[in-house]
Amino acid sequence: MVICAAIIAIQIALMGLRPLIACLPARLMAGRQNFASPWFSIHVATHAEPPCLVIRTLRALLDQDWPAERYEIIVMDNNTADPALWKPVERFCAARLDRITFLHRSGVKGAKAGALNIALEHSAPDATHVVTVDADYVVHRDFLSRAAEALHRTGADYVQFPQSYTGTAITAPGIDAELEEYFRTNAAVADEAEAVLLTGTLCVISKQALIAAGAWSGATTTEDAELGVRLCHRGFAGRFINEVVGKGLLPLSLRDLERQRYRWCSGNFQTLLRHARMILTPTGNFNLHKRLVILTQLTAWFSLALVPFVLLMVWLLTGRGHTVAATFAAGAIVLSLGDATIRVVARGLRDRLALWVILHALACRIALAPQSAKATFDALTGSRLKFIVTDKSGETGQASGPLYACHLMIFITSILLLIGVQPIGPLVVAALLTLLLPLPAALLTDRSLCAYRAAIAPSLTEVSA
């Protein structure tokens, strides 16, 4: 009962924290008047990526309206064993040695963080800012110009543009809306405190600030958010620029979407635990506003529902479903659904999305809830976490199947308990009905991703020139 009561208290505190932060006054610095034109070093870290996607990304980066003599591109391929995946990219870069540096390394430690540190070591001495772009992102032609304008206008040490996805308007608008909710809510609020955490791609960082903060670290599976915390602690200002400057690919199957959410959730919680003393106590170099917005960003996909779920199942199976402890566990489960519903629906209504898009976005959030709960639990218990690259080839999507063991197990267990145990109390019944939702939500989300995968299939199979 104490454990479940504590979980409910944490959930309520985090739910109340978001509207509280939105009411705090912004403290934004003015843009610098004497701002030198940036010299960009663009870093593209790759690992076992489809060559055609990487080359498409590089073509867009080569075609910037920014002066060619004021930016470079470094492709850092790490630990790709199959030469068929990295050799075509090497050949493409070799034909453009004056514009692109291609690096291939084996035995790189620290996953993406390790690759980005190698790219940093090879960056030009004249570079003033480091730009990270994921291997599947096609940026707009004015990306660097808009980045320079944002740096000048805000006076920030680093800026983060939102992640956006190509081809979602017809096939997967709900999934796109669910992913966008983080930027439209958490990042937008953090912008007012100049404490935006990085999200991996389309971020522009002062090279001096990056080096002063200790560069990238592979200590967590979200090296971007972890670096953002250290940048804020060193007094560097980060801003969110709510402009779409490039688009990438959605995960191509529910399994890949779950893996991505697991990495984001567990990695951010790892970061929170790693820097808890810095963030939550006066020893850190943060004002209260920054502490709060950093906390909300790191707990954006946080879920402690796994423990109440297990406890409720045990208590119902042992005939103790009528106890106060079972009621607390049920309350924690229902509250998790309420939190997800409020966040997704409220954002959808503010953005004036169609009702069916909002419902699809909510279904996506519910479908990913089991992975968020497991990720939070694994990070909390110190489980060894591994960086998993999201598949961009579409090969794993066909084999993933519509039914997933976790969703099916939760659904069947809840049905059996509703029928066989006949739980006492409306809150316990509501909790079991809540636990029925992830399976149909997963089926709906998987259906959208199947349509999305079919729609973008030509871009996955094209042959690069």
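**Figure 1. Asp 351 and Arg 184 meet through their side chains in a salt bridge (2.6 Å, N to O).** A salt bridge is defined here as a side-chain nitrogen of Lys or Arg within 4 Å of a carboxyl oxygen of Asp or Glu. The two partners come from distant parts of the chain, 167 residues apart: Asp 351 belongs to the loop between α14 (324-350) and α15 (355-367), and Arg 184 to helix α7 (residues 173-191). Helices (H or I, at least four residues) and strands (E, at least two) are DSSP runs, numbered from the N terminus. Asp 351 is partly exposed at 21% relative accessibility, and Arg 184 is likewise partly exposed, with a relative accessible area of 28%. Buried denotes under 20% relative accessible area, exposed over 50%, and partly exposed the range in between (1.4 Å probe, protein chains only). The model is predicted; local features need pLDDT of at least 70 and side-chain atom pairs count only at pLDDT 80 or more, whereas totals for chains, interfaces and linings use all residues. Residues are numbered from 1 along each chain as its sequence is written, and side-chain values use heavy atoms, with hydrogens and water left out.

**Figure 2. The side chain of Asp 351 also forms a salt bridge with that of Arg 347 (3.2 Å, N to O).** Arg 347 is buried, with a relative accessible area of 12%, while Asp 351 is partly exposed at 21%. Side chains of opposite charge can pair when their charged atoms come close.

**Figure 3. Arg 153 and Glu 243 are joined by a side-chain salt bridge (3.8 Å, N to O).** This pair connects distant parts of the chain, 90 residues apart, with Arg 153 in helix α5 (residues 143-154) and Glu 243 in the loop between β8 (238-240) and β9 (246-247). Arg 153 is partly exposed, its relative accessible area being 38%; Glu 243 is also partly exposed, at 23%. Both residues take part in a network of salt bridges that links Asp 142, Arg 146, Glu 149, Arg 153 and Glu 243. The structure holds 19 salt bridges.

**Figure 4. Ser 41 is located in strand β1 (residues 40-46).** Ser 41 is buried, with a relative accessible area of 0%. Its side chain makes a polar contact with the side chain of His 43 (2.8 Å). A polar contact is a pair of N or O atoms within 3.5 Å; within protein, one must be able to donate a hydrogen and the other to accept it, and residues adjacent in sequence count only if both atoms are side-chain atoms. Leaving aside residues up to four places away in sequence, Ser 41 touches Glu 72, Ile 74, Ser 123, Ala 127, His 129, Val 130 and Val 131, where contact means heavy atoms within 4.5 Å.
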